[in-house]
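Hi,

Here is the structure I promised to pass on.

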Amino acid sequence: MHYHQRGIFLLRRGYATKYTGKVVTTTNHGRLSAIEVCVTAPTLASDLRGYPLLRRELICKATKILQSKSSASSPDPFLDLYEFLQTLNVTPTPSEVSEILKSLKSPSLALDFFHFCPSRIPNFRHDAFTYNRILLILSSSSLPDKIDKMNEIVDLMEKLGSHGNISTVNILIGAFDGVDGLEKCFDLLKKWGLQLTCYTYKCLLQAYLRARDPNRALQVYRRMKRKGYTLDSFGYNMLLHALAKDEQVDHAYKVFEDMKSKHCEPDEYTYTILIRMIGRLGKPSEALDLFQEMLSKGCKPNSMTYNTMIEALVRGRLADKTMILFSKMVENNCRPNEYTYSLVLNVLAAEGQLGKMDEVVKISNKYMNKSIYAYLVRTLSKLGHANEAHRLFCNMWSFHDKGDRDAYLSMLESLCSAGKVTEAIDMLSRTHEKGIVTDTFMYNTVFSALGKSKQIPHILDLYEKMKRDGPEPDMFTYNILISSFGRAGCVEEAVRIFEELESSDCRPDVVSYNSLINCLGKNGDLDEAHMRFKEMEEKGLNPDVVTYSTLIECFGKTDKVEMAYSLFNEMLAEGCSPNIVTYNILLDCLEKCGRSAEAIDLYSKLKEQGLTPDSITYTILERLQSGSQRTSRIRKQSPITGWVVSPLR
């Protein structure tokens, strides 16, 4: 700092701020006794058009202050900013405020700063550019109430008499959804005396398309045409997609012709939209014509285009043309995905040509990987084509060092469902060759299939192998085995497995007891079955509807009607609701013993409970009405299902 008598001194600081001092009194010796200091507001530099140049240092400093973390000494960044601006006697311009808003990372912080400016900065007033900036920030944010906040900004503009420009309206159209929001935009256009631009029309068209209103979008498009405005390819594709989805075929074709006449070349997405529309209307030939036109225009189909065209051919069940197009797809180095293979597989299955799956694999051999093999095996298995799935699985097994667990499991389930248990057991024993670890679920799948076919020797061998080599049996394993031995009448084996379950880390559950009780009761050991029922209750397990129904059926078969009825009443007292099977079993028991009145009362209870009688119920009622009290059961074919049914199973 330099001092001069009767002169001025200058203190230079950042941001071109000057402190000016003037000597107002002196001593006899010429020394300074008082100085008057004032801060002179800096003069803003302007560009060639006369607009103030942005002060980048000010923008950066203000942004840094606002985004700085609060501290004990300075908990309020807005207070810091206010003091900073006061110290420098600086008033940011609307353009600088707009840049600061743009630099803030938090939409909420930006909104607070927006409201701070006119309330704490002297002589500051927002203009259209700052309004547009905050509206744009809010529209792009993920704030849940962003539309409400945008409406508040618009209301503030109207309250202060501030007019927006066409960009303001464009931002609002892009953000608002629904008719009400767009009506508000139209009102603003009238109030502010603005004219729609080409971009505004595009925003309107997209807004109606977002609102799933293709008819109004089409009206906007027609108004654009009358004004001489045109869409770009993105806008045309959006409109075509909406019209195609709404099945407005004629309008879609008209827009497509307009697009070509306006020198806006359709791209692969345009043709994909139209091919999908025509294909879903069941016109594969027209879809193929569009595909050929696309190729003649030099458009290169992508995987979505190929899939769409293949889908159109599949809908028309044109298996041969599907195979040709699939071959072309691979030839043009376009990788098929799972959806492509599913389409090809479906049309071959529908036309009885699944033998061509080998050709499909051969054509796309360079793209065939473990994942695709796995997908095909899973899909064929789900569709019930076990032989084709097995053949493909063997291909995968031969050509890949590592197996796919999902494909393996799908194949295992498919073989078991088809009753090919020998092949399933073989697969189970060879999984380690491809690095797949066998687990309990895989064993349970095979045990379940073996149990249904009553192949007890295979079950015993596989169970011994499981205990010897692992994995450990779980609760489901034991329950499946008990049920399987019971179904085959092997009571001793069922009891042995139950005892092994009791001594294992698992503990018998309701299903375990139900399986054992069913095995004992239906194989003549009713006393033991009833004892297990009591044991189950003693261990704190609550018998369910299956437990009671099983025992009631067993007592009914041995003409112990009183015991069956007693169990039924106990069931009700315990709060366990009987189902239609329970009622059918007891009705049959009562009818068989000639207790028709009690059977009629029981039927009334069934109706009161809100249950719907089935074919077995009506069969028993017919016998009651005819007065039949036959002790032998005649198995009749159900007129509803075609299955041979009996109330006792």
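Predicted model: local features only at pLDDT ≥ 70, side-chain atom pairs only at ≥ 80, totals over all residues.

Residues are numbered from 1 along each chain as its sequence is written, and side-chain values use heavy atoms, with hydrogens and water left out.

The structure has 35 salt bridges (a side-chain nitrogen of Lys or Arg within 4 Å of a carboxyl oxygen of Asp or Glu). One of them pairs E96 with R55, with 2.9 Å between the closest N and O atoms. E96 sits in helix α3 (residues 94-103) and R55 in the loop between β3 (32-40) and α1 (56-67), so this pair ties together parts 41 residues apart in sequence. Helices here are DSSP runs of H or I with at least four residues, strands are E runs of at least two, and numbering starts at the N terminus.

E96 is buried at 0% relative accessible area, and R55 also counts as buried, at 18%. (Buried is under 20% relative accessible area, exposed over 50%, partly exposed in between, with a 1.4 Å probe and protein chains only.)

Then there's K225 with D258, at 3.0 Å between the closest N and O atoms. K225 belongs to helix α10 (residues 214-227) and D258 to helix α12 (residues 249-261), so parts 33 residues apart in sequence are tied together. K225 is partly exposed at 33%, whereas D258 is buried at 8%.

D469 and R468 form a salt bridge too (3.5 Å, N to O), and both are exposed. Finally, a network of salt bridges links E464, K467, E493, R496 and E500.

Cheers
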